[in-house]
Structures are given as structure tokens and as C-alpha cells.
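Visitor: I am new here. Please show me the structure, and let me ask about the words used for it.

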Amino acid sequence: MDNKDRMNVRVQVAGTFYTMRNVPRRDEEKYRRAAELVNTLVTNYKSQFNGMTHENHLAMAALHVCMENIDWMMKGDVENSTVAELVELEKNLDDYIVTIKK
């Protein structure tokens, strides 16, 4: 990837600025949206659990994002196994149709 296709992205997460270096330009919006999501989650957890530390709010936001990621991965696993089952069913039906045509 050419240097012109890469950039530094500066985002603010939970009150601190971070510079993500050498990021593909096509991923800039993803970084900005991810930072926005983390900030929203931290704010929500801060309002729900006011007595906790800032680190606790960040940890809860991280757990929330990881749980959503696992949900997506498990959904993919289910879809993949369903596709495999459908392929097997199609093969069985094809075999059955061949036998009844004889």
C-alpha cells in the first residue's frame, strides 16, 4: 500500500486524544465511528453507574463491544452451519430425485 493511501487519524476516546498512525485511508471513518461508539457507551455507563471509576466505565464499554462482536461471530457460525446443512439437504434431495426417476 502506497504512503498516499495511508494517514494518521486523531480520535478522542473517553476524554483522551489518540493518534492512530499509518491507518489505511479507507479505514478512517471506521476509527472515527468506533471512537464515537466507545464515547457513547462510556457516557451511558457513567450515568447508570455513577459511583464507579472511569476505568470501570471503560472496561464495561469494552465488554459491551466484545459481546456484540461475539454475537456477530456466533451468528456467522450459525449461518455457516445452516448453509452446510442446506447443501447436504440439497444433495440428498438430488440423490432421491435421481432414484425415483429410474
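Guide: Phe49 has a relative accessible area of 33%, and it is partly exposed. Keep in mind that this is a predicted model.

Visitor: Why is Phe49 called partly exposed?

Guide: Buried means under 20%, and exposed means over 50%. Phe49 has 33%, so partly exposed is the label.

Visitor: What makes Tyr45 and Phe49 an aromatic pair?

Guide: Ring centres must lie within 6.5 Å. Those of Tyr45 and Phe49 are 6.3 Å apart, so the two rings pair. The structure holds one aromatic pair.

Visitor: Is Tyr45 buried or exposed?

Guide: Tyr45 is buried. Its relative accessible area is 16%, and the limit for buried is under 20%.

Visitor: What makes the contact between Lys30 and Asp27 a salt bridge?

Guide: The nitrogen must be within 4 Å of the carboxyl oxygen. For Lys30 and Asp27 the distance is 3.2 Å, N to O, so the contact counts. Lys30 is exposed at 56%, whereas Asp27 is buried at 15%.

Visitor: How many salt bridges does the structure hold?

Guide: Three. One of them joins Glu28 and Arg32, with the closest N and O atoms 3.1 Å apart. Both residues lie in helix α1, residues 28–48. Glu29 and Arg33 meet in another, at 3.2 Å.

Visitor: Why are Glu29 and Arg33 separated by about one helical turn?

Guide: Because they are four residues apart in helix α1.

Visitor: How do you know that the charged end of Arg10 sits over the ring of Phe17?

Guide: The distance limit is 6 Å from the ring centre, with an angle limit of 35 degrees from the ring normal. The charged end of Arg10 is 4.1 Å from the centre of the Phe17 ring, and it sits over that ring.

Visitor: Which residues make the nonpolar surface patch?

Guide: Leu63, Met67, Ile70, Met73 and Met74 make the patch, which covers about 500 Å². Met67 lies in helix α2, residues 54–101. At 45% relative accessibility, Met67 counts as partly exposed. Patch residues need over 30%, so Met67 passes that cut-off.

Terms used
Residues numbered from 1 in each chain as written. Predicted model: local features only at pLDDT ≥ 70, side-chain atom pairs only at ≥ 80, totals over all residues. Heavy atoms only, no water. Patch = residues over 30% accessible without salt bridge, like charges linked within 9 Å, V, L, I, M, F, W, Y side chains within 5 Å. Areas by Shrake-Rupley, 256 points an atom, 1.4 Å probe, with all protein chains shown as cover. Salt bridge = Lys/Arg side-chain N within 4 Å of Asp/Glu carboxyl O. Helix = DSSP H or I, 4+ residues; strand = E, 2+ residues; numbered from the N terminus. Buried < 20%, exposed > 50% of the residue type's maximum accessible area, 1.4 Å probe, protein only. Phe/Tyr/Trp six-rings, centres within 6.5 Å; stacked < 30°, edge-to-face > 60°.
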